[in-house]
Every structure is written in structure tokens, then in C-alpha cells.
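Take a look at the sequence and the structure shown here. The report below walks through a few of its parts.

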Amino acid sequence: MRIAILLLLVAFSYAYVATSVYVVEINGVVGPYTYSQIQRAISLAEQNNGLVLILLSTPGGLADPTLQIIREIGNSPVPVVGYVYPDYSYAWSAGTYILLSTHIAAMAPHTVIGSCQPISGGTPVNESKILNALIGYLETVSKSYGRNGTFARLCITQNINLDAETALKYRVIDVVATGVDDLLKKINGMTVLLRNQQTELVVESPVIRRVEPSLTETLQMWLSDPVMSSVLSLLAFLLLLAAFITGHPAAAVAAIVLLVISMFSILPTAWLGLALIIMGAVLILAEILMGMAAHGAVAGVGAVLLVVGFLSAYPANVFSGELIHIRDWWLIQLGLYINIAILLGFLVFIVYKAVIIHKQRPPSEILTTLKGAEGVAVDDIGPGSPGFVIVFGEYWRAVSDTPVKKGCRIRVVEIAGEILKIEPVQC
């Protein structure tokens, strides 16, 4: 009977063999770029039989991206390991949420987690509806991995903090490791809940690959920095003031650009490239409609945004040649089509302007010869009866072989000294 039970357990057991480790470092505030980076890492690990290792050293971050990350990890087809690292680091607030949602939660010896009460506008949130929702969610996630759900509640209601040894003692985390190599050795052979299936994790001499932030993610990180946000807001205010004083359109457009760009930090990363492309196209079109009043400055900014948007629409792995499964491929295609359409439209516009200019005679030639220029007759003019005409706003003495009435449109046929020979065009 005992042998039969063992055979059944072996027959219905699963193992996941990880030959590579995709490392994501969260060193700052958690935002949309963090979710995008973890999503890419999971896709890469799925393609290459790997696991995802999230190194946490963060004070927290935005609620929406954090909840998206928790959901992404819960539905991940590959194991995701959270690790508060390096030594003397911390993973507070959103960092704790992410750690408790990973399949294996680990900490370095002298690290701390906790302080999970949400904050809105710098003030702690005490509304029961929000707190109870977060408590119930984080408790459910923690218990699903066999961990202590009580800490999830106390972390939100009382902002409790735990060091690594205490967290391990009370089953809040699974492993305390001194480094990445020590962590990989300790998790080898552990059983994890992978898509509601108990799975043995086997780590065999894995190749460690770092998932670096893409151009879009780096841009969002830069925009999310509080210092940079303050600088952009101050510059926008000064430019608006300059636009009000001088009435120059370039200053107003630049101020609007800075204000809009400062809002890009809260956009989903998948849409950021598209937003940059659209904004760049709008700036170029605005400059053209203004008759190049800003001397190309606005169009130049638009061109830069177009290029950055085009590069942002493609993950870094596409340029590096590494194959990756992309869920939102239609966004990338849309960005490409918009780029092509804008570039073709701009090329057609340039060709059109070049043809128009080519067909027109140069002003210098017109002013030099006056032949072919049109004007208006001031007097009645006829054979042997010269009179005056206005051409280019100046009075000229003229003669004509054909009678020309006062007020008729005339054309210069030739010039003889200071007298023009004309012909009627329209009376």
C-alpha cells in the first residue's frame, strides 16, 4: 500500500528545470516601468526555461503597477523569486507587497520589510474600504503560498517591520540567503505553487542574465524622479510667463510640451512610445501651420520626440537580437505604421514645396527684369498715349500697343530703360 502511494505521488508530481535566471533589479520607486520590466523578464524566462529573480531595494511605489505586478506573478508560467538584496537593504510598502506575492520570498541577513499602509498625497490612508480591500488581497496572496497571512494584516494596519531572521521564524518568507549564489543553492529542490500546481524547482548550473531597463522604462524612471518633476514644472511655469510677456508661440508650445511630458510617468509603458510619436507629429504640424514662426525649434523638438517614440516602441531585446514573446505586438506595429505615415507625409510635403518653389521665378529675377510681372493700370494707356501702372507697389511709366483702361490688370512684356511695355490681362 505504501509503495503504491509513493508511485502515485511520483506519477502526479511536476518538476520545473531552470537553466537560466533572469534578474530584475528594483532599486527605486515602483512604477509602470517596473511592471513592464518584470513582464519582459517573465516572457524571456518562459522562452528559455528560466526563472525570474527580483532583487528588491525600494522604499515603495505606486499602487496600480504594484497590483499589476502581483497579478502578473500569480499567473506566471515560470517561478518568480523575490529577494531583498543586497545586505542592509529594505523593501517597504510596495516592495513588501511584491516580495509576499513571489513564489519564493527571500531576504539577505540584515534587511527589513514592512510599513505597508497606503499613502495618498503624502497622507496615510485610513479609509476602511481601501484598507480592508488591500488586507484581504495581501492575506489571500500570502496564504496561497503557505505563508503567514497575519503579517500581511499587521503590515497594513500597524506598519509592522520585520528583519530577515524574524520574518523567517514566523513564516513570512521562505529563505534567508547571504547572496545570489547561496540563494540559488537553497531554493534548488524546493516545491513551489506554480499556476495552482505544486511543482518541484530544479536549478541546474543556471546562466544569469540581467534584464536591463528599456529606453521607455528608463525615460519613465527619469520622469518619475521627484527632483526632475519639480524642475520640469518650474521650467514650464517660466516658459508660460515668457510666452505671456513676449507673445512668442515657441515659448508657449515648449511649456505645454514640458507639462505633457511630466504626465508620461503615470502612463502604462506600452503606450508611452505611441504617446511620444503622436506628440512629435503634432509639434511638427504645429510648426508648419505657424509658418515656421519658431524658426524650426518646435519642429526640432517634435522630430526628437518622434525618434525617441519610435525607439521606445520596441523592447531592448528586439534590438539586441534576442527573441522574445511580445504580448502587445499590435502596439509596436501601430507605432511603426504611424512612423512610416508621418515620415512619408513629411517627405511628400517637402517634395510639394520644392515643386512649387521650382515653378515660381526667383524674386531677384523678377525685381531685376520685371518681365512677366503683373500690376494695375493707373491711367488709360494706349499707342502713343503713355501712362502710369503700379507693379510691386511702385509707380512705373508704361506704354501699350493695345488700349488699356484705368484699373485693368496688366502684365509687363518688356522693359526699355525706365519705360515698361505692357499688355492687358483682365479688365
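A residue is called buried when its relative accessible area is under 20%, exposed when the value is over 50%, and partly exposed in between. Trp 92 has 30% relative accessibility, so Trp 92 counts as partly exposed. Keep in mind that this is a predicted model.

**Aromatic pairs**

| Pair | Centre to centre | Angle between planes | Type |
|---|---|---|---|
| Tyr 83 and Tyr 85 | 5.0 Å | 20° | stacked |
| Tyr 90 and Trp 92 | 4.2 Å | 15° | stacked |

Why do these pairs count as stacked? Planes under 30 degrees apart are given that name. The planes of Tyr 83 and Tyr 85 make 20°. Those of Tyr 90 and Trp 92 make 15°.

Tyr 83 has 0% relative accessibility, so Tyr 83 is buried.

Another ring has a charged neighbour. Arg 397 lies over the face of Phe 388, at 6.0 Å from the ring centre.

**The sheet**

Next comes the sheet. Seven strands form an open sheet with mixed pairing. Their order is β10-β5-β3-β2-β1-β12-β11. Which strands lie at the edges? They are β10 (175–176) and β11 (191–194), and each pairs on one side only.

Look at β1, which covers residues 14–26. Strand β12 (residues 197–210) pairs with β1 in the parallel sense, over nine bridges. Tyr 16 stands opposite Leu 201 in β12. Ser 20 stands opposite Val 207 in β12.

β1 also pairs with β2 (residues 50–56). These two run parallel and are joined by seven bridges. Here Glu 25 stands opposite Leu 55 in β2.

Strands β3 (residues 80–84) and β5 (residues 104–107) are parallel as well, with four bridges between them. Val 84 stands opposite Met 107 in β5.

How do β11 and β12 pair, parallel or antiparallel? They are antiparallel, over four bridges. Leu 194 has Gln 197 in β12 as its bridge partner. The two strands form a hairpin, with two residues between them. Arg 195 sits in the turn and has a positive phi of about 55°.

Helix α3 (residues 63–74) packs with α4. Their axes are 9 Å apart, and the angle is about 10°. Angles under 35 degrees count as roughly parallel, so α3 is roughly parallel to α4.

Which residues meet between these helices? From α3 come Thr 66, Ile 69, Ile 70 and Ile 73. In α4 they meet Ala 94, Tyr 97, Ile 98 and Ser 101.

One more helix is worth a look. Helix α6 spans residues 149–157 and holds Thr 150. Thr 150 is partly exposed, with 48% relative accessibility. Thr 150 and Val 172 are 22 residues apart along the chain. Their C-alpha atoms are separated by 9.0 Å.

Definitions and conventions
Residues numbered from 1 in each chain as written. Predicted model: local features only at pLDDT ≥ 70, side-chain atom pairs only at ≥ 80, totals over all residues. Heavy atoms only, no water. Pairing = 2+ DSSP bridges. Phe/Tyr/Trp six-rings, centres within 6.5 Å; stacked < 30°, edge-to-face > 60°. Buried < 20%, exposed > 50% of the residue type's maximum accessible area, 1.4 Å probe, protein only. Lys NZ or Arg CZ within 6 Å of the ring centre and 35° of its normal. Axes fitted to C-alpha atoms, helices over the stretch in contact; angles between N-to-C directions. Parallel < 35°, antiparallel > 145°, perpendicular 65-115°, else oblique. Contact = heavy atoms within 4.5 Å.
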